[in-house]
Amino acid sequence: MAEKMHAAQRRSGSRQPLVRVIKKNNMPLYQSTLLRVGAFITALIAGGLFILCLGENPLSVYGTILNGAFRSSIAMQGTVKIAVPLLICSLGLTFAFKMNFWNIGAEGQLIMGAIFATPIALYLDQLPRPLVLLLMMVAGMIGGGLWALIPAIFKVRFGTNETLFTLMLNYIAQYMIMYFREGPWRDPNSPAFPQIKRFAQSARLYEVLGVHIGWIIAILLVVLVYIYLNKTKQGYEISVVGESQATARYAGMSVGKIVIRTMFISGAICGLAGMIQIAGADYTLSDTVAGGVGFTAIIIAWVSRLNPFVIALVSALFAILEKGCSVMQSTFGISTTASDVLQGVILFFILGFEFFTRYALVFRKRGGK
């Protein structure tokens with residue numbers, strides 16, 4: 001039969017594609033580790049070439065990036081503040097990605113969490129501080145969860161594309177901030193420049209070791225997410241749905257309910273990150289509250305292979321890179337655009353090598369085979 005098919009292909013002049021992508025079997029740990037080390041070294045070399053093109057010494061620049069994240073207690077606190085929303089959003093995305101639901105809307109879910117928490121900070125700040133923070137936390141999780149429910153329901157009911165749906169919702173959420181900033185929540189004491197007034201002390205997170213308690217919440221979430229996904233019945237259902245929805249239905253699972261429940265959890269965690277950002281770092285709601293965190297979290301979750309503990313480590317590395325690059329800009333007078341390009345070059349090589357831990361390229365041989 002195979003010979004007849006090949007003969008038919010030769011007669012018809014059709015050939016196999018020049019390059020095909022095939023999925024690899026599980027790569028041994030030592031091989032994947034070596035590949036990632038190679039990716040890191042290659043990324044540094046490529047970034048170094050870019051730095052040379054800028055007329056700077058790569059070793060000096062890399063040293064400044066590393067030192068900039070740890071050179072003082074204030075610098076370390078800033079690095080932690082960058083890492084917290086990255087870690088929490090990445091954990092939230094892990095739920096969706098685990099069941100092969102491509103949630104690209106963490107940015108919007110974070111924003112909606114911040115929007116839902118803001119009126120409590122503005123209008124209920126006379127309540128006791130613990131109660132205000134608790135209400136803000138609940139409201140933020142509800143806001144992010146409801147925003148994630150919209151694409152989940154449409155996916156279950158109408159089979160819509162969740163990637164485009166969640167992506168578009170990001171921009172709607174962003175414009176909602178602009179509406180509230182220039183409309184009902186505009187600070188009357190700032191007539192020239194529209195903004196939302198800064199929160200009272202009762203709506204600001206407590207601090208531990210000089211950083212808001214969001215870092216403690218993030219660490220607790222790492223453990224809780226790991227337990228939920230790996231040690232509970234609902235976590236097992238998420239894995240089964242991610243592997244095969246047909247198998248999940250055959251086993252008697254309600255795929256629609258699992259998708260909706262899991263997406264609400266995913267969005268709620270991202271919404272919590274939004275609440276922590278406005279109550280622990282910004283002390284107000286602005287259109288820069290997300291700052292690309294939701295998109296970076298996608299990369300972190302992907303590189304970490306949805307492992308909560310690895311996500312914590314990778315989030316810390318991303319925070320070090322971002323904080324260090326900001327110090328590098330001021331030290332060497334490098335523009336923000338060049339700094340972004342440097343980060344992009346490094347990430348490009350790391351992600352590119354990560355691709356080859358999962359897939360392989362097969363080239364067509366002579367004769368079309």
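**Exercise 1. The surroundings of Tyr62**

Which residues does Tyr62 touch, not counting residues up to four places away in sequence?

*Solution.* The model is predicted. Start with the position: Tyr62 belongs to helix 3, residues 58–70. Next, list the contacts. Leaving out residues up to four places away in sequence, Tyr62 touches Ala43, Leu44, Gly47, Gly48, Ile51, Leu342 and Ile346. Then take one of these, Ile51.

**Exercise 2. Helix 2 against helix 14**

Determine how helix 2 and helix 14 are oriented, and describe their contact.

*Solution.* Step one is geometry. Helix 2 (residues 29–53) packs on helix 14 (residues 336–355) at about 155°, and the axes are 8 Å apart. Step two is the class. Angles over 145 degrees count as roughly antiparallel, so helix 2 and helix 14 are roughly antiparallel to each other. Step three is the hand: helix 2 passes helix 14 in a right-handed crossing.

Step four is the residue list.
- Helix 2 supplies Leu35, Arg36, Gly38, Ala39, Thr42, Ala43, Ala46, Gly47, Phe50 and Ile51.
- Helix 14 supplies Ala338, Val341, Leu342, Val345, Ile346, Phe349, Ile350, Phe353 and Glu354.

Sorted by type, the residues of this contact are 14 nonpolar, three polar and two charged.

**Exercise 3. Helix 8 against helix 11**

Repeat the analysis for helix 8 and helix 11.

*Solution.* Helix 8 covers residues 214–231, and helix 11 covers residues 255–282. Their axes come within 11 Å and cross at roughly 165°. That makes helix 8 roughly antiparallel to helix 11. The crossing is left-handed. Now the contact: Gly214, Ile217, Leu221, Val225 and Tyr228 in helix 8 meet Arg261, Ile265, Ile269, Leu272 and Ile276 in helix 11. The tally for this contact is eight nonpolar, one polar and one charged.

**Exercise 4. Helix 4: length, end and partner**

Check the span of helix 4, then characterise its packing on helix 12.

*Solution.* Begin with the span. Helix 4 runs over residues 73–98, which is 26 residues. At 1.5 Å a residue it should span 38 Å. The end C-alpha atoms are 37 Å apart, which agrees. Beyond the helix comes Asn100, with a positive phi near 60°.

Turn to the partner. Helix 12 (residues 293–303) packs on helix 4 at an angle of about 60°, with the axes 8 Å apart. The crossing is right-handed.
- From helix 4 come Pro85, Leu86, Cys89, Ser90, Leu93 and Phe97.
- From helix 12 come Val293, Gly294, Thr296, Ala297, Ile298, Ile300 and Ala301.

By type, the contact of helix 4 with helix 12 has 10 nonpolar residues, three polar and no charged.

**Exercise 5. An aromatic pair**

How many aromatic pairs does a search of the whole structure find? Classify the pair of Phe154 and Phe158.

*Solution.* The search finds seven aromatic pairs. For Phe154 and Phe158, the centres are 5.6 Å apart and the planes 50° apart. The pair is tilted.

Technical notes: Residues numbered from 1 in each chain as written. Predicted model: local features only at pLDDT ≥ 70, side-chain atom pairs only at ≥ 80, totals over all residues. Heavy atoms only, no water. Helix = DSSP H or I, 4+ residues; strand = E, 2+ residues; numbered from the N terminus. Expected span 1.5 Å × (residues − 1). Axes fitted to C-alpha atoms, helices over the stretch in contact; angles between N-to-C directions. Parallel < 35°, antiparallel > 145°, perpendicular 65-115°, else oblique. Left-handed = near helix turned anticlockwise from the far one by under 90°. Contact = heavy atoms within 4.5 Å. Nonpolar A, V, L, I, M, F, W, Y, C, P; charged D, E, K, R; others polar. Phe/Tyr/Trp six-rings, centres within 6.5 Å; stacked < 30°, edge-to-face > 60°.
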